[in-house]
Amino acid sequence: VKAKNTGNKPYPLTLWLHSIPAMSTPKSDDIYLPGLANVAEVGKIQVINLDHNKLVKVGKTEKKNCFVAPSSPWSARISHSSPLMFAYLLNKNDLMPKGIFYTWSGKKDNDFIQTQEVILNPVTIKPGDTHEWKYKIALFGGMFGISDIINGYAINYRYKMEQDTLRIKFKVCCAEFQEAQWLQIKIRDINDPGNGPTFGEARIMLPIMQPNKPVTVVADLKKMKEGTFRMFAEIARKGFHVVPGPIIKIKKIIRFEPEK
C-alpha cells in the first residue's frame, strides 16, 4: 500500500488493515494475537495488560472490542470447520512500537461477525513525499492451532515429559515453497528476556516444504529441571525471538538411577 501527500503541508496518517474472513460460519473463528507483556496503553488506546508475552486467543465473546500490543509481526485466525489458517504477515518496522492488534465482535444483520484488524504505526508524510507499507495475507492449510509464525513458517507445538526428557512435537506448515532449513530452539526461564542461561536446546532439520502440506518434527531435550519456561526459536540463522506460546510447565521430574 502506497500513499502520496499531494497537499502543501505534512499529513498525519495511520493505516488500518481490516478483514472478516468468517471461515467457520455459522460458528466463530479463533483469533490468535501474539501479545506484548507489561503494556497498559498504546498511544491513548487501552490494551490487554499481560504478565508475560503470550498468545491471546479470542473466540466468540460478548466483549466487543479487544486491543492487544503486538510482540510478533503477525496475527492469525483458524477455522473450526476445516484445518485452515488465515494470517497477516507484517513488516515489523510498520507494526512496532506503536501498532496495535484489534478485533471487534458483535451482530450485524442478525449474523455474528468478528473482525481481524491491525492498526499500523502512525506516520507523517511530507508534501510531495510517499510512504509505503508492505504486508502479506497467507493461507496455511492443515493447521488447527498456532504457536508462532517465523520467516513464513507457521509452527504449532505441543510438549510432554517422559521421565526427565522434554519431548516437543512441532507441526510446521508453509504457504509458499521453502527450501530445507534448520529450526533451532532454546528453553529459558519464563522471566528471561533472552540473555540468561539455557536449560535445554535442540537443532531440528525442516525438510523441503510444499505449500499447505504440513510436516511433523520432534525434539527431545534431556535432563530437564522443574520450573516454568518459554521457548526461543530461530529459522535459517535469522535471529532468536520469543515464541508466544504455549508456556512450558514442568512440575515433576522422574529420574531412574543406574543400578550399582
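**Close-up views of a predicted model**

View 1. F86 stands opposite L139 in β16. The model shown here is predicted. Strand β10 covers residues 84–90 and is joined to β16 by 7 bridges. These two strands run antiparallel.

**View 2. An open sheet is built from 5 strands.** The order is β7-β4-β9-β10-β16, with antiparallel pairing. At the edges lie β7 (54–58) and β16 (135–141). Each edge strand pairs on one side only. On average, neighbouring strands of this sheet are turned by 20° against each other, direction ignored.

**View 3. Strand β20 pairs with β21 and with β23.** Strand β20 spans residues 181–189, and strand β21 spans residues 200–206. They pair in the antiparallel sense over 7 bridges. Here Q184 stands opposite R203 in β21. Strand β23 (residues 227–235) also pairs with β20 in the antiparallel sense, over 7 bridges. I187 has M231 in β23 as its bridge partner.

**View 4. The largest nonpolar core has 27 residues.** I168, F170, L183, I185 and L221 have the most contacts inside this core. Several strands each supply at least two of its residues, including β18 (153–162), β22 (215–221) and β25 (248–250). Strand β19 gives the most, with 5 residues. In soluble globular proteins, nonpolar side chains tend to be buried together.

**View 5. I168 has contacts beyond its sequence neighbours.** Leaving aside neighbours within four places in sequence, I168 is in contact with residues including Y157, I185, V217, L221, M231 and I248.

**View 6. Another core, of 22 residues, lies apart from the largest one.** Among its residues are A3, L15, V118 and V123.

Note on methods. Residues are numbered from 1 along each chain as its sequence is written. This is a predicted model: local features need pLDDT of at least 70, side-chain atom pairs count only at pLDDT 80 or more; totals for chains, interfaces and linings use all residues. Side-chain values use heavy atoms; hydrogens and water are left out. Two strands pair if DSSP finds at least two bridges between them. Helices (H or I, at least four residues) and strands (E, at least two) are DSSP runs, numbered from the N terminus. Axes are lines fitted to C-alpha atoms, for helices over the stretch in contact, and angles run from 0 to 180 degrees between N-to-C directions. A nonpolar core is a set of buried Ala, Val, Leu, Ile, Met, Phe, Trp, Tyr and Cys residues joined through side-chain atoms within 4.5 Å. Buried means under 20% relative accessible area, exposed over 50%, partly exposed in between (1.4 Å probe, protein chains only). Contact means heavy atoms within 4.5 Å.
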